[in-house]
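Biologist: I am new to reading protein models. Could you walk me through some features?

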Amino acid sequence: MKFFAGALMLAATAAYAQTANAQADRLAIQSEPARGGTPGWHLGPSFPDPTGFTLVDPDGTVHVIPREERAALMGGRARVPGGNGGAQCSHSPVCGRKNGFARSQLARVEYDQTMGYKFSYPYFVPKGIGGVPSVALDSKGNLWVFKRSPAGVVQLMKFDPGHKLVLEVPESVIGHQDKAHGMAVDKEDNVWITDNGQATVMKLSPEGKLLMTIGTKGKPGDWVEDKGQRLLWQPVMVAFAPNGDLYIAEGHANESPNDVDGPDPENREGVARVIHLTKDGKFVGQWFGNEVGQGKFDSTHGFAIDPKNGDVWIGDREQYRIIVYTGDGRFVKTLQVKNLVCALNFDHKGNPWMGSGQDGQFLKLNRDGKVLGAIGNGMGVGTGQFTEASYWVFDPRDNLIAGDTSVGRVTVMSK
């Protein structure tokens, strides 16, 4: 198979840069200098998203597979490896404008890097094509990697502290995850994975044994506790309260169909929501985002629990904002930001951070959403770049470890 990383890729990148810069011309502000503790920023171009059609060398070098060769890798089917989220957005105000700018044509806000982090690639993720939307770290220093592999190829793996692959969880245990999405490890080192496409959350033991499945595979719908109806609708991420309670974030905004008053009596809400369960799966409550007034959200892509007070931080990706609720579902505040809020996390000192998705950076914030620092070289497949900077973890020294939703590599960011 022949790959291109030279003239053809440069030409494609230049074309994307031209469309992104055309959009940038519409924007009033092109850049801002550093001020008040926030680093300077500038607008940069997008990069052609390979959607998982990449192969990665052991040293982290990325090879993008040409478009004309991709269908053969998927058995002739034109689909993204491990990225089937179901029906696309339609008949809903959260959908993009028909003739508006595509995500691949956006001008990206990129902050200056002043924090002194370096990039390395000590983990080699095998199994061919497919991106890594999320990673998770257990108390023993083992790194779990969740991959968007094609059907029949391992998607969930564990690496030991020496970066050696020590466990592969087969499809016979978890099935094929149609759209592998978020992942987290609880205090007992159990790993929780979400399948946005098949509408399930699965809990596995540290040894990779299936312990619990929340939702019904292939049956998206509403959770109606008094009817005993326990369905999920596009689960994207899970997070844990200080007492071990589980929160499930649901709703993928522009990738979501509009199910409001649809023909399926078990799937009629069609809105982003948060479900609150005890650690053993008992229902506590839920709240919804697609409503009028304060606290509105139509995506739950970013998701984390504040370790200082148990507040729930929701990244409303397509609306470029963070919404904060108390642990029992009472609205606290909305924080407007300049980047896609693809992921949220807190470091060991309790500071909030966010992954800026296709803007290709991880941003340190204060609790008012002000950017205090940035890590990442923007959107791309080069060193320190990400086509989607999404769910990541902090190691005990607060180094960052991240996958890339569209590239099958793991980046370590350390001082």
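Modeller: We will go through a strand, a loop residue and a cavity. Keep in mind that this is a predicted model.

Biologist: Let us start with strand E31. Is strand E31 largely enclosed or open?

Modeller: Here is the general idea. In a regular strand, side chains alternate between the two faces of the sheet. Now the case here. Strand E31 covers residues 407-414, and seven of its eight residues are buried, so the rest of the structure largely encloses it.

Biologist: Which strands pair with E31?

Modeller: Strand E30, residues 400-404, runs antiparallel to E31, with four bridges joining them. Aspartate 404 stands opposite valine 407 in this pairing. E30 and E31 make a hairpin, with two residues between them. Strand E6, residues 118-120, also pairs with E31 in the antiparallel sense, over three bridges. There, lysine 118 has serine 414 as its bridge partner.

Biologist: Where does glutamate 388 lie?

Modeller: Glutamate 388 is in the loop between strands E28 and E29. Its relative accessible area is 7%; buried means under 20%, so glutamate 388 counts as buried.

Biologist: What does the side chain of glutamate 388 join in a polar contact?

Modeller: The side chain of arginine 317, at 3.5 Å. Glutamate 388 also touches other residues, including His301, Cys342 and Asp404.

Biologist: And empty space? How many cavities of 30 Å³ or more does a search find?

Modeller: First, the idea. Rolling a probe the size of a water molecule over the atoms shows where empty space is left. Here the search finds one such cavity.

Definitions and conventions:
Residues are numbered from 1 along each chain as its sequence is written. This is a predicted model: local features need pLDDT of at least 70, side-chain atom pairs count only at pLDDT 80 or more; totals for chains, interfaces and linings use all residues. Side-chain values use heavy atoms; hydrogens and water are left out. On a 1 Å grid over the protein atoms alone, a cavity is a set of points where a 1.4 Å probe fits but cannot get out, and a pocket is an open set with protein on both sides within 12 Å along at least five of seven lines; lining residues have an atom within 4 Å of a point. Grid points are joined across faces, edges and corners, and a volume is the space filled by probe spheres set on the points. Buried means under 20% relative accessible area, exposed over 50%, partly exposed in between (1.4 Å probe, protein chains only). A polar contact is a pair of N or O atoms within 3.5 Å; within protein, one must be able to donate a hydrogen and the other to accept it, and residues adjacent in sequence count only if both atoms are side-chain atoms. Contact means heavy atoms within 4.5 Å. Two strands pair if DSSP finds at least two bridges between them. Lists of a residue's contacts leave out its neighbours within four places in sequence.
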